[in-house]
Amino acid sequence: MKTEKTTAGAEAKGRVRRRQEAAILKAAEQVFAGAGYQGATMAAIADRAGLPKANLHYYFGTKAEVYRAVLGNILALWLAETDRIRPEAEPREALAGYVAAKMQLTAARPDASRVFANELLHGAVEIGAFLRQELRAHVADKARVIDGWIAAGRMAPVDSTHLFFSIWALTQTYADFAPQVCAVLGRKRLDRAALDRAGSHVASLVLRGCGLPAD
């Protein structure tokens, strides 16, 4: 009985910790997106998360630790969506699903995209090694899947590696350059209807470029 109670208590603490860390990372995304790394402070992150600064330091000792955790979380979310690109998958469904998932993340986590873009614009100091190693290997693996589809005549020939760059650029622009998009469209913000229209357009471009039906 004592062991069961101890286990239940540990699980409850684990859930609380995960919720707190998720709240901190979401708040940190917003602060880093708005102020940049240099302008962000632990006090601002704690305030945005609704936590005392001491509580924030319990989970993350320094601003650099929070920043690295934010970037790691962003990359994990984005890379998880490539799991649908498998040899046995239908190319149209896989690529359309990937575009839709990236657009959903753009809508739900625009600040995450902006933090990532800002990191790249400043030389990818924190994630350069990850980009050169894990990301490069991951993209190469998924590019081989696409090359296999092409070789089997299941889609038109494309540069499989650059296809990923194109999808990332097409989807993330609606987060990273939202003010420009809104200005041209004459909108104050990109609402669900605007993002749905954009997603349909991006999916159509990608699918048609790959010789796949867009409808």
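## The largest pocket

Residues lining the largest pocket fall into 18 nonpolar, four polar and three charged; here Ala, Val, Leu, Ile, Met, Phe, Trp, Tyr, Cys and Pro count as nonpolar, Asp, Glu, Lys and Arg as charged, and the others, Gly among them, as polar. The model is predicted, so local features need pLDDT of at least 70 and side-chain atom pairs count only at pLDDT 80 or more, while totals for chains, interfaces and linings use all residues. Residues are numbered from 1 along each chain as its sequence is written, and side-chain values use heavy atoms, with hydrogens and water left out.

The lining of this pocket has 25 residues, and Trp78, Phe116, Leu120, Trp168 and Gln172 lie nearest the pocket's centre. Two or more lining residues come from each of α1 (2–39), α4 (63–80), α6 (110–121), α7 (128–151) and α8 (160–176). Helix α8 gives the largest share, seven residues. The space in the largest pocket is about 640 Å³. On a 1 Å grid over the protein atoms alone, a pocket is an open set of points with protein on both sides within 12 Å along at least five of seven lines, whereas a cavity is a set of points where a 1.4 Å probe fits but cannot get out; lining residues have an atom within 4 Å of a point. Grid points are joined across faces, edges and corners, and a volume is the space filled by probe spheres set on the points.

## The cavity

Searching the whole structure turns up one cavity of 30 Å³ or more. The largest cavity holds about 80 Å³ of space. Its lining consists of Ile74, Leu77, Trp78, Lys102, Leu105, Thr106, Arg109, Ala112, Ser113 and Gln172, which by class are five nonpolar, three polar and two charged residues.

## The overall fold

The protein has 10 helices and zero strands. Helices (H or I, at least four residues) and strands (E, at least two) are DSSP runs, numbered from the N terminus. The C-alpha atoms fill a box of roughly 60 × 55 × 35 Å, taken along the principal axes.

## Helices packing on α10

Helix α5 (residues 91–108) packs against helix α10 (residues 192–209) at an angle of about 150 degrees, with the axes 10 Å apart. Axes are lines fitted to C-alpha atoms, for helices over the stretch in contact, and angles run from 0 to 180 degrees between N-to-C directions. The two helices are therefore roughly antiparallel (over 145 degrees; under 35 counts as roughly parallel, 65 to 115 as roughly perpendicular and the rest as oblique). On the α5 side, Arg92, Leu95, Ala96, Val99, Met103 and Ala107 meet Arg192, Leu195, Ala198, Gly199, Val202, Ala203, Val206 and Leu207 of α10, where contact means heavy atoms within 4.5 Å. This contact has 11 nonpolar, one polar and two charged residues.

Helix α8 also meets α10: their axes come within 10 Å and cross at roughly 165 degrees, which makes α8 roughly antiparallel to α10. Leu163, Ile167, Leu170, Thr171 and Tyr174 in α8 touch Leu195, Ala198, His201, Val202, Leu205 and Val206 in α10. Nine of the residues in this contact are nonpolar, two are polar and none is charged.

## Where α6 meets α8

The axes of α6 and α8 come within 8 Å and cross at roughly 105 degrees, which makes α6 roughly perpendicular to α8. Pro110, Ser113, Arg114, Phe116 and Ala117 of α6 meet Gln172, Ala175 and Asp176 of α8. By class, this contact has four nonpolar, two polar and two charged residues.
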